[in-house]
Amino acid sequence: MVVASRVVAVISPNAAPIRRLREEAKERGKLVDATQGRKTRSVIVTDSDHVLLSAVQAETIAQRLVEEGEEG
């Protein structure tokens, strides 16, 4: 789980700049792999500079964040 208010961006993992962001986070010890061995389908960046890898599509995560914002 991720606190919705801490999410800065939810992005697709395919672009080269995202791959660099991922490698830099790994070097700094701020990469969290939450894919459980599945294919990475989105990358979540938080305000604490952590980078989270997720097996859930970026569109699905964005929709869940919007729904959470409407409830709270």
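Strand β3 and its neighbours

Guide: Strand β1 (residues 7-11) pairs with β3 in the antiparallel sense, over 4 bridges. Strands here are DSSP runs of E, at least two residues long, numbered from the N terminus, and two strands pair if DSSP finds at least two bridges between them. This is a predicted model, in which local features need pLDDT of at least 70, side-chain atom pairs count only at pLDDT 80 or more, and totals for chains, interfaces and linings use all residues. Residues are numbered from 1 along each chain as its sequence is written, and side-chain values use heavy atoms, with hydrogens and water left out.

Across from V45 of β3 stands A9. V45 also has a bridge partner in β4, namely V51. β3 and β4 likewise pair in the antiparallel sense, over 4 bridges. These two strands form a hairpin with 4 residues between them. In the turn, D49 has a positive phi of about 75 degrees.

Next come the side chains. In a regular strand they alternate between the two faces of the sheet. From β3, S42, I44 and T46 point one way, while V43 and V45 point the other way. All of them are buried, a word that means under 20% relative accessible area with a 1.4 Å probe, protein chains only. Because 5 of the 5 residues of β3 (residues 42-46) are buried, the strand is largely enclosed by the rest of the structure.

Definitions and conventions: Buried < 20%, exposed > 50% of the residue type's maximum accessible area, 1.4 Å probe, protein only.
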